[in-house]
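Subject: The structure, and what turned up in it

Hi there,

Here is the structure I promised to pass on. Please open it next to this email, and my notes will follow below.

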Amino acid sequence: MKKRGTLSVGYRPDAEGPMLAHQVLGRAVESFRVEATRKLDLARRIELGQFLTPWPVAKFMAAMCGAEASEVRILDAGAGVGSLTAAVVAELCGRERRPHKLFVVTYELDGALIEYLYETLGICEQLCVEAGVQFGSEIRSTDFIRSAASTIATPLLETAQPFDLAILNPPYRKINRDSDVRHSLRSVGIETSNLYTAFLSLVSRLLSDAGELIAITPRSFCNGPYFRPFREDFLRRMAFQRIHVFDSREALFRDDSVLQENVIFRAVRKTASVKYVTLTMSRGIDDTSLIVRHIEPCALVHPGDRELFLHIVPDDANQRISDCMSHLPSELDDLGVSVSTGRVVDFRAKPFLRSYPEPDCAPLIHPCHFNDGFVVWPKLNGKKPNSIVVNQQTMGALVPRGAYALTKRFSAKEEPRRVVAALYDPSRVAEASVGFENHVNYYHREGEGLPLDLAKGLVAYLNSTFVDTYFRQFNGHTQVNSADLRKLRYPSVEELEELGRKVGEALSSNTLVDNFVDAMLPA
């Protein structure tokens, strides 16, 4: 890479100083990011979960930091070209009360990015000199997870200086169950299935008392069984002080075609109780009209919730929906109903799957069979098998003929609703048993079907805007787990059966379903 030489930062400790520092440093670092992104292979970046932080995002995150001490040790794990470090340095140097000394430790494995990172840190040093702030930095071109785990595991941890501030955009990628990374994490008591939560857990252990962590991550950690061990571990050490959500999936990483829902949060290492959590929301990173709410920590994670779901309710309209949900009379146990994930796993049952209905087969229901609130079977021109052979090997994965309320476990990105439900109506399919594929959740009573009106009422309720809006308060991805559905509250059996009779065949008619559901909700 061609060296760009020394840039004239031109910092002046007056009213223009902060803005000038952001502008000059921001233009330089953003040019590095754009250039590096063009050079890096997109498929490789997706494989590694590597998405470099745009300057406006970095600047937004840096503005959240406290860092009021005279000396501040900063950690940037997975630094890329150094956008986050640069934003923090510009933020702190631009304040009226600046620290006396900054020391930054960055981790970056990619040699192509390290070249840019060196230049970024050089510009940061120049800015600090002009601002009268001592600056030191270290680039560690090693794997952060292994390095951090080794530091945490050693009995000499007391000699390693903790960090006062960590700012990061961690990689997003699943961790294989038996990988070296998983073993490194387990060696320090961390059990998690994704790189980004692994980074967060490790960083939480490397902070000083009252040290702060600012991160941009997928929202998926807020709910679901896969991230429960992470939530338990993280909440034991850290307290959320601010969480920012975006009204648009595409608000942050347009250049990389990322549609993952993201949050930006600030959390502090627990030394005292946090009185309230600030929730903010905007349409995009440059939207200045923030919606702001202050909530008690118990409103974020409900007391007694063993799953430790995070409920991010950013405005008053959503709060009314949350309050209304809490006043519904029933949990699933009160209805005498259970919800389970379909037992048929395609790749395991492959020898027994058939594309067309055959005499010795049962229907096999996939999400592709959902159509306008009902299961329409078979779908002969589709890619998925329609049937499964009934024999000794498959009987345990089937359920008896009956009425079942179903939901998709994964909603497509283009679908307007997170929760998509359909009725399996036995009057439309004559076979004596049925298989639900693993991408389908099904409501049942002790493994058997439900009364038809109750099943229809459940489908209509689940397809309502009310449920979908509430669901999005704690679910930040396209997956709908059976554990998530158990977290909902429901109308009574009688109300659901009445709803089923009223909606008739219009199980997914938005206006009609919403009108009926809204009429039965608590005032």
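The notes below go through a sheet, some aromatic rings, a pair of helices and a few single residues.

Please keep in mind that this is a predicted model.

Let me begin with the sheet. Five strands form an open sheet with mixed pairing, in the order β11-β15-β12-β19-β16. Its edges are β11 (353-354) and β16 (398-400), each of which pairs on one side only. Inside that order, strand β12 (residues 361-365) and strand β19 (residues 433-436) run parallel and are joined by two bridges. If you want to find one of the partners on screen, look for Leu364, whose bridge partner in β19 is Gly435.

Next, the aromatic rings. Searching the whole structure gives 24 aromatic pairs. One of them is Tyr107 with Phe144, an edge-to-face pair with 5.0 Å from centre to centre and 75° between the planes. Because Tyr107 belongs to strand β2 (residues 101-107) and Phe144 to helix α6 (residues 144-153), this pair ties together parts that are 37 residues apart in sequence. Both partners are shielded: Tyr107 is buried at a relative accessible area of 5%, and Phe144 is buried at 4%.

Phe221 and Phe240 make another pair, and this one is stacked because the ring centres are 6.3 Å apart and the planes stand at 10°. Phe221 sits in the loop between β5 (207-218) and α9 (228-237), while Phe240 is in strand β6 (residues 238-246), so the pair ties together parts 19 residues apart in sequence. Phe221 and Phe240 are both buried. They also belong to a cluster, in which ring pairs link Phe221, Phe230, Phe234, Phe240 and Phe265.

Arg266 is found in strand β7 (residues 262-269). Is this arginine, Arg266, buried or exposed? With a relative accessibility of 15%, Arg266 counts as buried, because the cut-off for that is under 20%.

Two other charged residues sit over rings. Arg428 lies over the face of Phe374, 3.9 Å from the ring centre. Likewise, Lys487 has its charged end over the ring of Phe309, at 5.2 Å from the centre.

Finally, the helices. Helix α13 (residues 452-462) packs against helix α16 (residues 493-503) with the axes 7 Å apart and an angle of about 85°. The two helices α13 and α16 are therefore roughly perpendicular to each other. On the α13 side, the contact includes Asp453, Leu454, Leu458 and Tyr461, and on the α16 side it includes Val493, Leu496, Gly500 and Arg501.

How much of α13 is buried? Nine of its eleven residues are, so α13 is largely enclosed by the rest of the structure. Among the buried residues of α13 are Leu454, Lys456 and Tyr461.

Happy browsing, and do write back with any questions.

Best wishes

How values were computed: Residues numbered from 1 in each chain as written. Predicted model: local features only at pLDDT ≥ 70, side-chain atom pairs only at ≥ 80, totals over all residues. Heavy atoms only, no water. Pairing = 2+ DSSP bridges. Helix = DSSP H or I, 4+ residues; strand = E, 2+ residues; numbered from the N terminus. Phe/Tyr/Trp six-rings, centres within 6.5 Å; stacked < 30°, edge-to-face > 60°. Buried < 20%, exposed > 50% of the residue type's maximum accessible area, 1.4 Å probe, protein only. Lys NZ or Arg CZ within 6 Å of the ring centre and 35° of its normal. Axes fitted to C-alpha atoms, helices over the stretch in contact; angles between N-to-C directions. Parallel < 35°, antiparallel > 145°, perpendicular 65-115°, else oblique. Contact = heavy atoms within 4.5 Å.
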